[in-house]
Amino acid sequence: MFDNPRTGASRACVAVGRCQLASLHALAVSAMGSLVVLALLLVPVGVGFRLLPPAARALRVLSDRSRSRAERWTGVRIGPPEPLPVDRALNARKRSGAIIADEGFWRDLAWAWLEPVIGGLLVAVPLALIEYGAFGALVQPFIWRLINDGNWYAFIPVHSTATMCGALVLGLAFMAVGLLAAPATLRLHSRVSRPLLSAPRSSRLAQRVERLTDTRARALDAQAAELRRIERDLHDGAQARLVALGMTLDRATRLMETDPAAARELLLDVRRTSEGALQDLRELVHGIHPPVLADRGLGDAVRSLALDSFLDVHVETRLPGKLPAPVESAAYFAVSEALANAAKHSGAREVGVALTYENGSLRATVTDDGHGGADPSRGTGLAGVRQRLDTFDGTLDLHSPQGGPTTVTMEIPCALSSPKTSSS
């Protein structure tokens, strides 16, 4: 929605360069995988014990680099395995034994052997199309007169000016297809590599238990802080007004017979105080669970945020049913914070918000056409959103390259409360 042709062409060229880097990286991975296998073969004669630890660490560096590139280049996040055992207090034999017993090491080795065959060939496809297209568009026009009748380009026999022009057009088409296919090829490469690059199931379960334990502690702290905030707001706001209202009513009651005019003024003051107390309660309730969520649902609540924003916000919802109220509340405040960040820091003019429900998870994506370069370590906005989502075992991913666009993707696992079609 925010791309122009020039930006799209530049991104395609960047993707081609990244495909070239990925193909060279596949060669390095193949060499390092061969070195690790050699170290394993030399273990029985003792030499492998000294060779295996540094070779395994070098292979882990390459796999970590692939995981980092997958997230930076395509937004595909791949959870790393546990670090390799590198206890310096152990001798080479025991370190090698610990590495051999590590499941993540064997997954790295399997990836090292499959990456050149599958990943390397995959990223070579757009490169081959561009190079072959360049031969047809830039070389054939100059050499076709010098070659005999056996000169073919793809399915075109190049033996005349007309067929040379046909080869030139076909070459340009090959180059265009290669450029257009490069970004999709990178995304496919990341998804193909993810099964072996991701952490083993045992490590993921251990990390999940650790994360849930930490999340539970933070959720309890956040709940206690929220209760203190509510108590403070009630004490300083509505409660103080209600106390003043009671005292004013008591004075008005005593003046009813002796000074009706003064009693009437006091009753008018009671009315104003009650309206203020009611407004305080409304604001407090809105900060806990906005009424529009209960009345209209998440889609219309986010549309109300879009109307309140001074940016041009486009909202698209594809929610097949009603979501649990706590999940809707968390998603609402997360989108609200993302819109506020876009308005304050991104320099954006347009923002797109998409709400979808797939594979048992609510996904909220907020994309702006700003200058990018957002750093989640600065400020507390995104950190607070991440803590709010952690309560539901949700995730927040930020993709914000320099020059934009910035995309914030939030996912919350949940079940639908009731079937209801909503789209726009």
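Me: A154 lies in the loop between β1 (152-153) and β2 (156-157). What makes a stretch a strand or a helix here?
Reply: Both are DSSP runs, numbered from the N terminus. A helix is H or I and has at least four residues, while a strand is E and has at least two. By that rule the protein has twelve helices and eight strands. This is a predicted model, in which local features need pLDDT of at least 70 and side-chain atom pairs count only at pLDDT 80 or more, though totals for chains, interfaces and linings use all residues. Residues are numbered from 1 along each chain as its sequence is written, and side-chain values use heavy atoms, with hydrogens and water left out.

Me: Why is A154 called partly exposed?
Reply: Set its value against the cut-offs. Buried means under 20% relative accessible area, exposed means over 50%, and partly exposed is in between (1.4 Å probe, protein chains only). A154 has 36%, so it counts as partly exposed. Its phi is near 55°, a positive value in a residue other than glycine.

Me: How do you know that L146 is exposed?
Reply: L146 has a relative accessible area of 72%, so it passes the exposed cut-off. L146 sits in the loop between α4 and β1. From L146 to H159 is 13 residues in sequence and 9.9 Å in space, C-alpha to C-alpha.

Me: Why is G404 called buried?
Reply: Its relative accessible area is 8%, which means that it falls under the buried cut-off. G404 is placed in the loop between β6 (395-399) and β7 (406-413). Of the 424 residues of the protein, 37% count as buried.

Me: Which residues does G404 contact, beyond its neighbours within four places in sequence?
Reply: They are R11, G370, H371 and G372. Contact means heavy atoms within 4.5 Å. G404 and D369 are 35 residues apart in sequence, yet 6.2 Å apart in space, C-alpha to C-alpha. Across the protein, take the contacts between residues at least 6 apart in sequence: 70% of them join residues at least 24 apart.

Me: How do you know that the length of α5 agrees with a helix?
Reply: Compare two spans. The expected span is 1.5 Å times one less than the number of residues. Helix α5 (residues 161-197) has 37 residues, so it should span 54 Å. Its end C-alpha atoms are 51 Å apart, which agrees.

Me: Where does α5 bend, and by how much?
Reply: α5 bends by about 40° at A182. The bend is the angle between two fitted axes: one for the seven residues ending there, one for the seven starting there. A proline, P183, follows within four residues.

Me: What makes the nonpolar surface patch?
Reply: Six names: L114, V117, I118, L121, L188 and V192. Together they make about 520 Å². α4 (103-143) and α5 are the elements that give two or more residues each to the patch. The largest share, four residues, comes from α4.

Me: Why is the pair R303 and D300 called a salt bridge?
Reply: Side chains of opposite charge can pair when their charged atoms come close. The rule asks for a side-chain nitrogen of Lys or Arg within 4 Å of a carboxyl oxygen of Asp or Glu. For R303 and D300 the closest N and O atoms are 2.7 Å apart, so the pair qualifies. They are three residues apart in helix α10 (residues 298-308), so about one helical turn separates them.

Me: How many salt bridges does the rule give?
Reply: The count comes to eight. One of them joins R296 to D300, at 3.1 Å. Another joins R318 to E316, at 2.3 Å. Shared partners link R296, D300 and R303 into one network.

Key:
Patch = residues over 30% accessible without salt bridge, like charges linked within 9 Å, V, L, I, M, F, W, Y side chains within 5 Å. Areas by Shrake-Rupley, 256 points an atom, 1.4 Å probe, with all protein chains shown as cover.
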